[in-house]
Structure formats: C-alpha cells, structure tokens
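Please read them with the structure open.

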Amino acid sequence: MTHYQPSSLPNTRIDAADLLRAVAVAGIVVLHFIEHLNFYAFPPLTSLDRAVWDVAFFVLSSKMYAIFAMLFGLTLFVQHDNQAQRGFDFRPRFAWRMVLLFGFGLLDLLFFNGDILTVYAVCGLMVLPLVRTSNRVVMGFALFLALQPIEVFYFIGGLLNPQLQSLNLGSGDMFTAIIPAQSGGNWLDVAWAGLRYGLPLNFAWAIEHGRFTQTLFLFLLGLWLGRRRLFYDEGRNAVVWRRTMVWSLVAFTVFCPLRYTVPQLFAQECAQASLTVMLDMWKNLSMMLFYVSALTWMYHRTRVRRLLAKLLPYGKMSLSNYIGQSVVGGFVFYHWGLGLYTVSGHTMSLVLGVAFVFLQYTFCRLWLRNHKRGPLEQLWHNATWAGARKPKK
C-alpha cells in the first residue's frame, strides 16, 4: 500500500482484541494491587511475598501495558476506517475523543497517581497525523520509535562524555511529594496530590524510562496490525501468529540474558542506564508479542476458544474496569480508606487483586446483559458524538 485507502471489508467487533484487552487490564489491576497502587509501603515481607513480587513483575510488568497500548492503536484504525468507509473524516472526532480521555485521566488521578489515560490521550493526538499515511510511513515511524531514540541519544552521549547524567525530569521528587497524602492524608489530599504531582509525574516518568516513545510505537503497531486485519480469523493469519510466537520467543531468549549482562560492561553510568532501558523494553516487547500471538492463535484455532470467550465481557468494559480499580484500590490501601498497606504483603495483595478482578468480571457479565457498552464506555461514546447529526456506530 503506497497510500491510505479505506478498507473494502467491514470492521466488525474483534473478539480477539476484547480477549487481549481483558487479559491486559486484569494483569494491570493485579500488578497495581501488589504495588499498593504506587504506594510502596509494606509490612515485613516473607520469602513467599518476595517470590510473588518477582514472578508478578516478570510475567506482567510492562507487558500488560504494552498490550493495552497496542490495542489503543488498533481501535484508532477501526474507528477511523469505519467512518472513512461511510465517507466521513473521523480525525476531528478522534481529537475530541482524546480530550475526553484526558478528562477521564484527570478523574482517575483523583484516586490513583499512576494514571496512564492522560499519557495515552497525548500520544493519541501525536499519532493522529499518521492515520492516513501509507503503511511504509507508519512502519517507518514505528521502527524509529521502537529503537528508543531518547535512550540511544543518551547512550551515545554517555560514551562520548562520561560525566553526562541520565535524563532526569524530576519524577523521583514528585513521587516523594505524593507519599504523605497516601500514608496520612484524607481523600482530598490524595486527589490534590494526584492532580498537582501525579499528572506531571506520569509524563516525566514515561519519558525518563522509555515508556513514552514505546507507547507511540505500540499505537502505530496497532494501527498497522488493524490495516492488515491480522486479528480476524481469515486468510493466512493463523500462520502469521504461529510464526510470531516462535520468533518472539527467540527474541526473548536473546534479549533477556543481554539485559542482565551487557549494560554492566560499560563503566559510564549514563550509557549503562540507557542501554538497560533499551534492552528492558525490547525484552518486554518480545514477551508481549508472544502473549498476543499465542492468545490470538489459541482463540481462533484451538479448543480453548470457548473458555477464552468467557473473558470477553471484561475486555469490553476496560475503561470502567481501569478507573474502577483506582477507586477501589485507593480505598483499600491508602490511609483515607482501609489503610491495608500496613498489613497487606505481596501475597495478600495478590489475593485481593485477583478477588477484585473476579468481582469486576461478575459485574461486567451482569451489566452487559442489558447494555451494549460499559457505563464509562457509553458515556465516552455519547460524548464523542455529541452534536453529530447521526450518532455513528
């Protein structure tokens, strides 16, 4: 494809994407509960607690957010392409949709300073100009971002100038400033700290740790995958996903040992830190692609499809579930609520997280019996099309 053309085939609801979204959000919720929602205060930990932490971070950390971000790009394609097939330009509406998402992120910050929705809203606006470019242009920008250009710059700079310091936008100081509200403040203190420090903290941390450029890359990857219709069970897609499983596993076996050995070969602190971030991102990306390809292939071509299909309601209400975990998790662990951070080690927090995901899942199934979308999803949809002559499906 040398330039963008609307698809000739309809973009129906992608069940595989809802499955992946369900897994991603459930993983995010569980990990956030183990972290006490960015409040790293714990009672004395047992060996089991430490094992739970290590396994959870190895399996979930950075992989679930990566899946979530990739699906964001896929949704952008589907919404834009559906309207393009009808002769409408969705880009102005998508820009407004990102403004609304930023608003949801501000709501989230009232309970949890680690919100990602505001970052997604800004990244969405940044990739919007590429939505009608050719596949070659999309993949060109995607590959450039996948190389972690900020880290490459600081890695080379660190080699040339051993005195160069790693990028520091002040996220550590902002994070420290939030702790008093979590440990001893009321809800208003937490809300104010989230807006005052949490909002800039999330952008600063994402840029410092390579997450911002990786998010832009994943948005574009999802956009490209949507154009290729790879999440539908058609053509040779199953073959593509099987090969992706193999090559992503190979990539992980390469990047994982490199991540823990190569950076230590460099004496320059900045070069070492930058290379660590790059290899960590590529390692996690490999593992994420393995998850995505394995789940998509299993859903389309194995007998576990019926079991996996039971997870779809949770994925269809990802926005409601994401913000819901902030409200409930903040109440469970912060001082203004139950204050369980004083007694809940990693094992207990894991149990609480899994139990909460199950409660959310039950609510999703009940809600979707009588509603097409989740409560916040419906609000977002209605506000997106406010003022339109005909609400678009």
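1. Leucine 37 is a buried residue, its relative accessible area being 0%. The model is a predicted one, and leucine 37 sits in the loop that runs between helix H1 (15–34) and helix H2 (47–59). The backbone here deserves a look: phi of leucine 37 is near 50 degrees, which is a positive value in a residue other than glycine.

2. Histidine 36 belongs to the loop between H1 and H2. Its relative accessibility is 0%, so histidine 36 counts as buried. A polar atom of the histidine 36 side chain lies 3.0 Å from the backbone oxygen of serine 344.

3. The backbone oxygen of asparagine 38 is 3.5 Å from a polar atom of the glutamine 182 side chain. Glutamine 182 is part of helix H8 (residues 171–184). With 2% relative accessibility, under the 20% limit, glutamine 182 counts as buried. The side chain of glutamine 182 also has a polar contact, at 3.3 Å, with the side chain of tyrosine 334.

4. A positive phi turns up at serine 62 as well. Phi of serine 62 is near 70 degrees, and the residue is not glycine. Serine 62 is placed in the loop between H2 and helix H3 (63–85). Is serine 62 buried or exposed? Serine 62 has 15% relative accessibility and therefore counts as buried.

5. On to the salt bridges: the count for the model comes to eight. One of the pairs is arginine 91 with aspartate 89, where the closest N and O atoms are 2.8 Å apart. Arginine 91 is partly exposed, at a relative accessible area of 29%. Aspartate 89 is partly exposed too, at 35%.

6. Glutamate 234 and arginine 229 form a salt bridge through their side chains, with an N to O distance of 2.7 Å. How do the partners stand in terms of burial? Glutamate 234 has a relative accessible area of 29% and is partly exposed, whereas arginine 229, at 11% relative accessibility, counts as buried. The limit between the two classes is 20% relative accessible area, which is why the partners are labelled as they are.

7. Aspartate 233 pairs with arginine 301 in a salt bridge between side chains, at 3.0 Å from N to O. Aspartate 233 is in the loop between helix H10 (211–227) and helix H11 (237–259), while arginine 301 is in helix H12 (residues 269–301), so this pair ties together parts that lie 68 residues apart in sequence. Aspartate 233 is partly exposed, with 39% relative accessible area. Arginine 301 is partly exposed as well, with 43%.

8. Salt bridges also link Arg13, Asp18 and Arg21 into a network.

9. Which residues form the positive surface patch? The members are Arg306, Lys310, Arg365 and Arg369. Arginine 306 is located in helix H13 (residues 305–309). Its relative accessibility is 71%, above the 50% limit, so arginine 306 counts as exposed.

10. A nonpolar patch on the surface is made up of Leu147, Val152, Ile156, Leu159 and Leu160, which together have about 450 Å² of accessible area. Leucine 159 is in helix H7 (residues 149–160). At 35% relative accessibility, leucine 159 counts as partly exposed. Membership of a patch requires over 30% relative accessible area.

11. Valine 137 is in helix H6 (residues 135–146). With 32% relative accessibility, valine 137 counts as partly exposed. Proline 10 is 127 residues away from valine 137 in sequence, and the two C-alpha atoms are 24 Å apart in space.

12. For a check by eye, I would take these places in turn. The loop between H1 and H2 holds histidine 36 and leucine 37. The pair of aspartate 233 and arginine 301 joins a loop to helix H12. The patch that includes Arg306 is positive, and the patch that includes Leu159 is nonpolar.

Notes:
Residues are numbered from 1 along each chain as its sequence is written. This is a predicted model: local features need pLDDT of at least 70, side-chain atom pairs count only at pLDDT 80 or more; totals for chains, interfaces and linings use all residues. Side-chain values use heavy atoms; hydrogens and water are left out. Patches are made of residues with over 30% relative accessible area and no salt bridge: like charges are joined within 9 Å, nonpolar side chains (Val, Leu, Ile, Met, Phe, Trp, Tyr) within 5 Å. Accessible areas come from the Shrake-Rupley method with a 1.4 Å probe; for residues, only the protein chains shown count as cover. A salt bridge is a side-chain nitrogen of Lys or Arg within 4 Å of a carboxyl oxygen of Asp or Glu. Lys and Arg count as positive and Asp and Glu as negative; His and the chain ends are not counted. The place of a charge is taken as NZ of Lys, CZ of Arg, CG of Asp or CD of Glu. Helices (H or I, at least four residues) and strands (E, at least two) are DSSP runs, numbered from the N terminus. Buried means under 20% relative accessible area, exposed over 50%, partly exposed in between (1.4 Å probe, protein chains only). A polar contact is a pair of N or O atoms within 3.5 Å; within protein, one must be able to donate a hydrogen and the other to accept it, and residues adjacent in sequence count only if both atoms are side-chain atoms.
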